[in-house]
Amino acid sequence: MGDPNNDAQGMTIVCWSGEIDKVWPQFILATTGAAYGMDVTMFCTFWGLFTLKRPEVKVTGDNWMTKMLGMMNNQRLSHLNFAGAGPAMMRSIAAKHKVAPPEELLETARELGVKLAPCQMTMDLMGLSREDLIDGIEEPLGAAAAMSAMQRSQINLFI
Amino acid sequence: MGDPNNDAQGMTIVCWSGEIDKVWPQFILATTGAAYGMDVTMFCTFWGLFTLKRPEVKVTGDNWMTKMLGMMNNQRLSHLNFAGAGPAMMRSIAAKHKVAPPEELLETARELGVKLAPCQMTMDLMGLSREDLIDGIEEPLGAAAAMSAMQRSQINLFI
Amino acid sequence: MGDPNNDAQGMTIVCWSGEIDKVWPQFILATTGAAYGMDVTMFCTFWGLFTLKRPEVKVTGDNWMTKMLGMMNNQRLSHLNFAGAGPAMMRSIAAKHKVAPPEELLETARELGVKLAPCQMTMDLMGLSREDLIDGIEEPLGAAAAMSAMQRSQINLFI
């Protein structure tokens, strides 16, 4: 755990949400910060881990998140079609409006050196291993390491 | 882009939500901060831009937000009745409980010098121009300017 | 109101949400911070106040939150079964996956000295008094005191 640090100049975004209207600001803020030279970490946890999951990997069956979701009678998973039918339509709309779609922002984030860090605890709960996640990201982090990143950051956001 | 600044004493609230139970804390925190002398910016983006839209202006038809909303099969817009039937009832409930309704908090925020800044990118996506927004607010800001405000702030929140 | 403080090393979490998938990160981040020696305050407001309510206390009838909820045509209350049928199932799932359930995290938070502070304004609106809340928590705080806690904190999150 790093010392709390008042020279902190970085940004840590706890990316909890997987719904596209929140994934968008996660990436827009992260890439804007990185473009201006900030050290940026996206800590992808809970539904936000879906952003780093390979599209072909399914989360199924007997696991904690699935049960919790059932208990909540919640439609969140239906929104997580980030890598499904959405992108083609999104690309055409974004092109028309000259706004980058999330898929492109993810690529831009990697190019700008944004650290995309999956949450180890969420991976365990969802039964995902490192190979189920996309390439070009950080090693999984625990809550303590995420806390340490926040202590080094001047800007901390939970999205 | 301002330098990261460890003498930062202001507060920036990224006002992403337009649902009334989140608009309320956006304004309560902003006005409380301003009342105690903090330099406060509310950066109104995504659904949060609805707070700054003139009630008579409709967002219709062929635009990105509308399509995204349809894709999400989401009922958020139905919650954004901030300026519709809600206020009269809200005023009566708030008066009974001695809590200011959002409309009054918006007025108080302006009086206390809270900077209400619309997000330029959201305006573009929703097809809104400056004249579609209420009076007494800042010029539209891009993501870089919002980042700069956050770098000058000791407290940053995404609501 | 304390001075803004650049030696700020604490963490304040504005715990606005009462849905279990957000209560979880509220407590995981709070207890992780406290375990590493940070001064942590959880300011429990709006739906987040449900976390501090005694399970047997019902919020009923003619009050502001109930009306607001009806206006929003919102199913949030159905998610707030934190103290209902959920815990038994949660305990078994959490035990299987070696993750502490919220009930246990609440106990851990108290043991680690996390300050659990109910929002006075929310209590007024919901018609709750101090006796309706669980033991071992702070005295109710107003928005100004919450702001002061944020000014003393290096990490501020709205969850």
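## A loop residue with positive phi

In this predicted model, Phe46(A) lies in the loop that runs between strand 2 (40–44) and helix 2 (64–72) of chain A. Its phi is positive, at about 50 degrees, although Phe46(A) is not a glycine. Most residues other than glycine have a negative phi. Phe46(A) counts as buried because it has 23 C-beta neighbours inside 10 Å, where 20 or more are needed.

In chain C, Phe46(C) is placed in the loop between strand 2 and helix 2 (64–72), and it too is a non-glycine residue with a positive phi of about 50 degrees. With 23 other C-beta atoms within 10 Å, Phe46(C) is buried.

## The fold of chain A

Chain A contains 7 helices and 4 strands, and from the N terminus on these elements follow the order β-α-β-α-α-α-α-β-α-α-β. Of its 159 residues, 51% count as buried. Among the contacts in chain A between residues at least 6 apart in sequence, 77% join residues that are at least 24 apart.

## The sheet of chain C

In chain C, an open sheet of 4 strands has the order 3-2-1-4, and the pairing is parallel. Strand 3 (115–118) and strand 4 (153–158) of chain C stand at the edges with a single partner strand each, so one side of each has no neighbour in the sheet. From one strand to the next, the twist averages 15 degrees.

Strands of a sheet pair through backbone hydrogen bonds, either parallel or antiparallel. Here strand 1 (residues 10–15) and strand 4 of chain C are paired in the parallel sense over 5 bridges, and within this pair Gly10(C) stands opposite Ser153(C) of strand 4.

## Helix packing between chains

Where helix 1 (residues 20–35) of chain A packs with helix 7 (residues 143–151) of chain B, the angle is about 75 degrees and the axes are 10 Å apart. The two helices are therefore roughly perpendicular to each other, since angles of 65 to 115 degrees fall in that class. Helix 1 of chain A makes this contact through Ile28(A), Leu29(A), Thr32(A) and Gly33(A), while helix 7 of chain B contributes Ala143(B), Ala144(B) and Met147(B). By class, the contact has 5 nonpolar and 2 polar residues, with no charged residues.

In chain C, 8 of the 9 residues of helix 7 (residues 143–151) are buried, so this helix is largely enclosed by the rest of the structure. Its buried residues are Ala143(C), Ala145(C), Ala146(C), Met147(C), Ser148(C), Ala149(C), Met150(C) and Gln151(C). These residues pack against helix 1 (20–35) and strand 4 (153–158) of chain B, and also against strand 1, strand 2 (40–44), helix 6 (120–126) and strand 4 of chain C.

## The nonpolar core

In soluble globular proteins, nonpolar side chains tend to be buried together. Which residues touch the most other members of the largest nonpolar core? Of the 144 residues in this core, they are Phe43(A), Met42(B), Phe43(B), Met42(C) and Phe43(C).

For one of these, Phe43(A), the residues touched, leaving aside those up to four places away in sequence, are Thr12(A), Val14(A), Cys15(A), Ala117(A), Cys119(A), Leu141(A), Ala146(A) and Ala149(A).

Terms used:
Residues are numbered from 1 along each chain as its sequence is written. Chains are lettered from A and ligands numbered from 1 in the order in which they are written. This is a predicted model: local features need pLDDT of at least 70, side-chain atom pairs count only at pLDDT 80 or more; totals for chains, interfaces and linings use all residues. A nonpolar core is a set of buried Ala, Val, Leu, Ile, Met, Phe, Trp, Tyr and Cys residues joined through C-beta atoms within 7 Å. A residue is buried if 20 or more other C-beta atoms lie within 10 Å of its own, exposed if 12 or fewer, and partly exposed in between; C-beta atoms are placed from the backbone. Two residues are in contact if their C-beta atoms, placed from the backbone, lie within 7 Å. Axes are lines fitted to C-alpha atoms, for helices over the stretch in contact, and angles run from 0 to 180 degrees between N-to-C directions. Angles under 35 degrees count as roughly parallel, over 145 as roughly antiparallel, 65 to 115 as roughly perpendicular and the rest as oblique. Ala, Val, Leu, Ile, Met, Phe, Trp, Tyr, Cys and Pro count as nonpolar, Asp, Glu, Lys and Arg as charged, and the others, Gly among them, as polar. Two strands pair if DSSP finds at least two bridges between them.
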